Amino acid sequence: MNYKSELIKSMNYLSKKKDTLFIGQSVLYSGNAIFNTLKSVSKVKKIEMPVFEDIQAGFCTGLALQGFVPICIYPRFDFLILAMNQIVNHLDKIRHMSSNEFKPKVIIRTSIGSKNPLDGGVQHTQNYTNIFKKILTEIEVVRLTKPTQIFSEYKKAYLRKDLKSTLMIEDGDSYNKN
């Protein structure tokens with residue numbers, strides 16, 4: 001069992017669900033390490049997005065309001081910052097704003113950028129886990145540090161009875177470790 005194989009197993013599990021879609025940059029076309037964990041996910045389950053992170057988060061919230069469980073993918077945690085308006089002010093607060101009428105469930109997937117074998121620099125490798133844990137009130141924040149927790153956490157995020165969203169934070173340096 002290694003980190004990448006558990007991510008692949010998790011994405012394959014999620015892809016078998018009728019209500020899931022995989023949305024983000026490099027979900028259909030190669031361009032980052034997350035792409036390699038989606039290779040066996042059917043193309044009909046993937047929606048490739050241009051670089052507009054805020055709109056992507058709003059799009060995923062809208063899909064969730066329609067009964068889908070979007071897996072909203074940001075290749076690096078640093079890119080997720082550009083979606084904070086939609087995530088913090090809308091997805092995280094919609095239950096409160098709607099008196100608990102709307103309960104969208106989105107699985108947000110991101111990675112702390114790898115520093116090995118090539119360091120992507122300070123704008124591509126930051127870890128904002130603690131900041132997001134402090135600012136989000138309704139979205140569970142999960143840091144995936146060990147291969148043994150990956151599948152169970154993705155399964156839990158999908159099967160949540162409370163219909164809350166989950167932010168899954170992966171470790172880019174672990175993608176290629178055995």
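A pocket is an open set of grid points, where a 1.4 Å probe fits, with protein on both sides within 12 Å along at least five of seven lines, and its lining residues have an atom within 4 Å of a point. In this predicted model, the largest pocket is lined by 17 residues. Ala33, Arg76, Ser114, Asn116 and Gly172 are the lining residues that lie nearest its centre. Sorted by class, the lining of the largest pocket holds 6 nonpolar, 9 polar and 2 charged residues. The space in this pocket comes to about 330 Å³.

From the pocket we can turn to the cores. The largest nonpolar core has 24 residues, and those touching the most other members are Leu80, Ile87, Ile108, Leu136 and Leu167. Two or more residues of this core come from each of β1, α2 (53–65), β3 (69–74), α3 (77–80), α4 (84–91), β4 (107–112) and β6 (166–171). Helix α2 gives the most, with 4 residues. Another core, of 23 residues, lies apart from the largest one, and Leu7, Val27, Tyr158 and Tyr175 are among its members.

Leaving aside residues up to four places away in sequence, Leu136 touches Ile87, Val88, Asp92, Val141 and Leu167. Leu21, found in strand β1 (residues 20–24), counts as buried because its relative accessibility is 12%, and buried means under 20%. With the residues up to four places away in sequence again set aside, Leu21 touches Val44, Lys45, Ile47, Leu63, Phe68, Val69, Pro70 and Ile71.

The helices come next. An α-helix has 3.6 residues a turn, so residues three or four places apart point the same way. In α4, the buried residues are Gln86, Ile87, Val88 and Leu91. Among the elements that cover them are α2, α3, α5 (94–97), β4 and α6 (129–135). In helix α7 (residues 147–159), Gln149, Ile150, Phe151, Glu153, Tyr154, Ala157 and Tyr158 are buried. Their cover includes α1 (3–15), β1, β3, β4, β5 (140–143) and β6.

Two packed helices are described by the angle between their axes and the distance between the axes. For α2 and α4, the angle is about 35° and the axes are 7 Å apart. On the α2 side, the contact is made by Asp54, Ala57, Gly58 and Thr61, while α4 brings Asn85, Gln86, Ile87 and Leu91. This contact between α2 and α4 consists of 3 nonpolar, 4 polar and 1 charged residues.

Finally, the backbone deserves a look. Most residues other than glycine have a negative phi. Ser99 is not a glycine, but its phi is positive, at about 50°. Asn100 is not a glycine either, and its phi is also positive, at about 70°. Ser99 lies in the loop between α5 and β4, and Asn100 has its place in the loop between α5 and β4 as well. Ser99 is exposed, because its relative accessible area is 68% and exposed means over 50%. Asn100, at 42% relative accessibility, counts as partly exposed, because its value falls between the cut-offs for buried and exposed, which are under 20% and over 50%.

Key: Residues numbered from 1 in each chain as written. Predicted model: local features only at pLDDT ≥ 70, side-chain atom pairs only at ≥ 80, totals over all residues. Heavy atoms only, no water. Buried < 20%, exposed > 50% of the residue type's maximum accessible area, 1.4 Å probe, protein only. Contact = heavy atoms within 4.5 Å. Core = buried A, V, L, I, M, F, W, Y, C linked by side-chain atoms within 4.5 Å. Axes fitted to C-alpha atoms, helices over the stretch in contact; angles between N-to-C directions. Nonpolar A, V, L, I, M, F, W, Y, C, P; charged D, E, K, R; others polar. 1 Å grid on protein atoms, 1.4 Å probe; cavity = no way out; pocket = protein on both sides within 12 Å on 5 of 7 lines; lining within 4 Å. Points joined across faces, edges and corners; volume = space filled by probe spheres on them.
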